[in-house]
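Hi,

Here is the structure I promised to pass on. Have it open while you read, and my notes on what turned up follow below.

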Amino acid sequence: MEEEHPFLVYRVENSYLGGLQTKAVLEGKAEMVCQAGPSTHELWGPAELVSAALVNCILSIVGVYLEHRKMSVEGLHARITTSLADNPIRISKTVIDIYMPKQEYSERDRKGLPRAIMRCPVRNSLNPEIQMVEIFHWD
């Protein structure tokens, strides 16, 4: 099998701070302190970070699609609901509600956007056993 050549590589340094807290630093630029276990609602936990990354990726793709088609992105937002299962503990389901800006959408847009979000690298990196549901709210 031929080795795959990545088009982007980045590094995150992570340090354990104690008390279930970690600090992640993205290539010496951006940093955040995270909860290494279940969230305390003061810090993000690992599953919450995955959920945020997934919805961020999908929402960015929708935004780029709309901007490319010279359509409004005003009011574009999304909400993700993530379910965890146990034994072993894992993300078992995500539901992303995507609230589209108030404007006219062609049949091409209504078919193209759900296909476009399938290119999300975060989505494509997650375990295929995770049930992923995306719901577009067009009005």
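Let's start with C34, which is buried, with a relative accessible area of 5%; buried here means under 20% relative accessible area, exposed over 50% and partly exposed in between, using a 1.4 Å probe and protein chains only.

Before going on, some housekeeping: this is a predicted model, where local features need pLDDT of at least 70 and side-chain atom pairs count only at pLDDT 80 or more, while totals for chains, interfaces and linings use all residues. Residues are numbered from 1 along each chain as its sequence is written, and side-chain values use heavy atoms, with hydrogens and water left out.

**Cysteines**

Searching the whole structure gives one disulfide, meaning a pair of cysteine sulfur atoms within 2.5 Å. C57 and C120 are the two partners, with an S to S distance of 2.4 Å. They tie together distant parts of the chain, 63 residues apart: C57 sits in helix α1 (residues 46–68), and C120 in the loop between α2 (107–116) and α3 (121–125). Helices (H or I, at least four residues) and strands (E, at least two) are DSSP runs, numbered from the N terminus. The torsion about the S-S bond of C57 and C120 is about 140 degrees, so this disulfide is right-handed. Both C57 and C120 are buried. And C34? That one is in no disulfide, and the nearest cysteine sulfur, from C57, is 18 Å away.

**The β1-β2-β3 sheet**

Three strands make an open sheet in the order β1-β2-β3, with antiparallel pairing; two strands pair if DSSP finds at least two bridges between them. β1 (12–18) and β3 (30–35) are at the edges with a single partner strand each, so one side of each has no neighbour in the sheet. The twist averages 20 degrees from one strand to the next. Strand β2 (residues 21–26) is joined to β3 by six bridges, and Q21 has Q35 in β3 as its bridge partner.

**The β4-β5-β6 sheet**

Here three strands form an open sheet in the order β4-β5-β6, and the pairing is mixed. β4 (77–85) and β6 (131–137) are the edge strands. Nine bridges link β4 and strand β5 (residues 90–99) in the antiparallel sense, and R79 has D97 in β5 as its bridge partner. Helix α1 packs on this sheet, touching β4, β5 and β6, and its direction makes about 145 degrees with that of β4. Contact means heavy atoms within 4.5 Å; axes are lines fitted to C-alpha atoms, for helices over the stretch in contact, and angles run from 0 to 180 degrees between N-to-C directions.

Cheers
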